[in-house]
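This briefing accompanies the sequence and three-dimensional model shown below. Please keep both in view while reading.

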Amino acid sequence: FDCYHAIGHVSMFVAEYDIEEAIGYCKLLHDKRAAYTCATGVFMEEMLVKGKIDEGSFYPCDTHPEFPAACFRYTFANWERQPFNYRLAATQCLALHDPNQQRGCLHAVGFASFRIIYNRPELLPAVCSFGTKIDKLMCIEGAAGKLNTHYPAKQKEACEFLTDAKLKDACKHAQNLGANKDPKLYYNVQSDQSLFSWILSLMKK
């Protein structure tokens with residue numbers, strides 16, 4: 001799936017940094033996981049060109065909602081103030097009105113916190129303690145997936161601090177890009193009623 005991520009970067013070049021056009025190229029990929037991974041390349045390229053942004057800014061995710069997790073993961077990386085304040089970020093995520101945006105935003109909280117969790121794996125439950133069980137899942141996949149890329153041993157160590165069996169299992173299987181992403185969570189399908197049925201069934205377990 002690294003190849004699909006690279007296609008996203010190239011799409012931005014071809015589209016002359018028009019995000020909508022570049023995302024349109026990603027959507028030509030019939031596999032939604034591939035389209036999501038391509039979108040991560042689009043938004044990463046945008047952030048590389050845009051540079052640092054004010055803490056609290058959600059540009060460009062507030063205007064391009066189709067792949068929220070793909071967008072937000074690079075937004076937080078460009079916040080001016082470091083180290084990353086995951087509590088502030090999570091609070092702002094939960095203030096978003098669209099549940100898809102909230103989930104994508106909290107995924108990014110985990111993704112942006114990977115250095116914190118690398119140094120202190122026991123903090124994973126705290127970093128991903130915000131919102132619903134689905135929100136926590138998205139955050140955990142963001143953090144654990146990032147660790148999986150370079151530090152799989154740290155990923156395994158951090159996952160052991162989770163007490164919920166289903167979240168722990170998701171943590172152990174998390175990958176950084178799209179290979180094992182659930183399209184219902186990573187592709188904004190707000191009009192698809194099956195998404196809400198699936199979420200409700202998970203939350204009841």
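Which residues are exposed on the other side of α10? They are A153 and K156, and the points below place them in the context of the whole chain. The model is predicted.

**The chain as a whole**
- The protein chain contains 13 helices and zero strands.
- Of its 205 residues, 50% are buried.
- Among contacts between residues at least 6 apart in sequence, 69% join residues at least 24 apart.
- The chain has an accessible surface of about 9,700 Å², and carbon and sulfur atoms account for 54% of this area.

**The two sides of helix α10**
- Helix α10 spans residues 152-159, and Q155, A158 and C159 are buried within it.
- Viewed down the axis of α10, these buried residues lie within an arc of 100°, and therefore they line one face of the helix.
- An α-helix has 3.6 residues a turn, so residues three or four places apart point the same way.
- The cover over the buried residues of α10 includes α7 (114-119), α8 (124-127), α9 and α11 (165-173).

**Packing of α9 against α10**
- Two packed helices are described by the angle between their axes and the distance between the axes.
- For helix α9 (residues 133-150) and helix α10, the angle is about 150° and the axes are 6 Å apart.
- Helix α9 contributes A144, L147, N148 and H150 to the contact, while α10 contributes P152, K154 and Q155.
- By class, this contact of α9 with α10 comprises three nonpolar, three polar and one charged residues.

Note on methods. Residues are numbered from 1 along each chain as its sequence is written. This is a predicted model: local features need pLDDT of at least 70, side-chain atom pairs count only at pLDDT 80 or more; totals for chains, interfaces and linings use all residues. Side-chain values use heavy atoms; hydrogens and water are left out. Axes are lines fitted to C-alpha atoms, for helices over the stretch in contact, and angles run from 0 to 180 degrees between N-to-C directions. Helices (H or I, at least four residues) and strands (E, at least two) are DSSP runs, numbered from the N terminus. Contact means heavy atoms within 4.5 Å. Ala, Val, Leu, Ile, Met, Phe, Trp, Tyr, Cys and Pro count as nonpolar, Asp, Glu, Lys and Arg as charged, and the others, Gly among them, as polar. Buried means under 20% relative accessible area, exposed over 50%, partly exposed in between (1.4 Å probe, protein chains only). The arc is that of the directions from the helix axis to the C-beta atoms. Accessible areas come from the Shrake-Rupley method with a 1.4 Å probe; for residues, only the protein chains shown count as cover.
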